[in-house]
Amino acid sequence: MRRAIALLMIFIISFSLVADPIVYDYEPYEKDEFPVWLSEIRRAESIFFGSLVITFPLTMAGYSIASNFGANITSDEFSLFWQQLGVASCFSLLIAGVDWLIGYLSD
C-alpha cells in the first residue's frame, strides 16, 4: 500500500513538473456586468460567512460561561455543536441584515 501511494505521489509530482504553466489573464469586472441585487447577495454572503468566524467562537465561549455559572445545558456534544452553530448563524445573519439595512437607508 505504501509503495502504491509513493508511486502515485511521484507520478503526480512528475506531471506537475513538466506541465505548462497556466497563464491567467485577469480582466476586471465592468461596472454594469452584474445586476445590483446580485452584488448585494454577494456582499451579504461575504459578511455572513466572515462574521461566522467571529460569532461561532463567541457563541461557544458564551455557552461555556453559561454552563460554568450553572445553566442547565445537558446535551451530547453533537447536538451542542449544532445548537451553537445555529445561534452563531443567527447572529451572523443579524449582522448581514444590519449591514444591508444601513446600506439601504444610506442610499
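**Pockets, burial and helix contacts**

Me: The space in the second largest pocket is about 180 Å³. What makes such a space a pocket rather than a cavity?

Reply: A pocket is an open set of points on a 1 Å grid over the protein atoms alone, with protein on both sides within 12 Å along at least five of seven lines; a cavity is a set where a 1.4 Å probe fits but cannot get out. The figure of about 180 Å³ for the second largest pocket is a volume filled by probe spheres set on grid points, which are joined across faces, edges and corners. This is a predicted model, in which local features need pLDDT of at least 70 and side-chain atom pairs count only at pLDDT 80 or more, while totals for chains, interfaces and linings use all residues. Residues are numbered from 1 along each chain as its sequence is written, and side-chain values use heavy atoms, with hydrogens and water left out.

Me: Which residues line the second largest pocket, and what makes a residue part of a lining?

Reply: A lining residue has an atom within 4 Å of a point. For the second largest pocket, this gives Val36, Glu40, Arg43, Ala44, Ala96, Asp99, Trp100, Gly103, Tyr104 and Asp107. Two or more of these residues come from each of α2 (36–68) and α3 (77–106), and α3 supplies the largest share, 5 residues.

Me: How do the residues of that lining divide into nonpolar, polar and charged?

Reply: Ala, Val, Leu, Ile, Met, Phe, Trp, Tyr, Cys and Pro count as nonpolar, Asp, Glu, Lys and Arg as charged, and the others, Gly among them, as polar. On this scheme the lining of the second largest pocket has 5 nonpolar, 1 polar and 4 charged residues.

Me: What is the volume of the largest pocket, and which residues line it?

Reply: The largest pocket holds about 240 Å³ of space. Its lining consists of Tyr29, Glu30, Lys31, Asp32, Phe34, Leu38, Ser39 and Arg42, of which 3 are nonpolar, 1 is polar and 4 are charged.

Me: Why is Ser51 called buried, and what does Ser51 touch?

Reply: Ser51, a residue of helix α2, has a relative accessible area of 8% and therefore counts as buried. Residues up to four places away in sequence aside, Ser51 touches Ser92 and Ile95. The C-alpha atoms of Ser51 and Ala96 are 8.3 Å apart, although 45 residues separate the two along the chain.

Me: What makes Thr55 a buried residue, and with which side chain does the side chain of Thr55 make a polar contact?

Reply: Thr55, also placed in helix α2, is buried because its relative accessibility is 8%. A polar contact is a pair of N or O atoms within 3.5 Å; within protein, one must be able to donate a hydrogen and the other to accept it, and residues adjacent in sequence count only if both atoms are side-chain atoms. The side chains of Thr55 and Ser92 form such a contact at 2.9 Å. Beyond four places in sequence, Thr55 touches Ala88, Phe91, Ser92 and Ile95.

Me: Why is Ala88 called buried, and why is Leu38 called partly exposed?

Reply: Ala88, found in helix α3, has 0% relative accessibility and so counts as buried. Leu38, found in helix α2, has a relative accessible area of 34% and is therefore partly exposed. Ala88 touches Leu52, Thr55, Phe56 and Thr59, not counting residues up to four places away in sequence. C-alpha to C-alpha, Leu38 is 25 Å from Ala88 and 20 Å from Ser51.

Me: What is the order of the elements in the protein chain, and how do you know whether the chain is spread out or compact?

Reply: The chain has 3 helices and 0 strands, running α-α-α from the N terminus. Helices (H or I, at least four residues) and strands (E, at least two) are DSSP runs, numbered from the N terminus. The radius of gyration is 23 Å, well over the 13 Å that the globule rule gives for 107 residues, so the chain is more spread out than a compact globule. That radius is taken over C-alpha atoms, and the rule is 2.2 Å times the number of residues to the power 0.38. The C-alpha trace spans about 60 × 50 × 15 Å along its principal axes, and buried residues make up 11% of the 107 residues.

Key
Buried < 20%, exposed > 50% of the residue type's maximum accessible area, 1.4 Å probe, protein only. Contact = heavy atoms within 4.5 Å.
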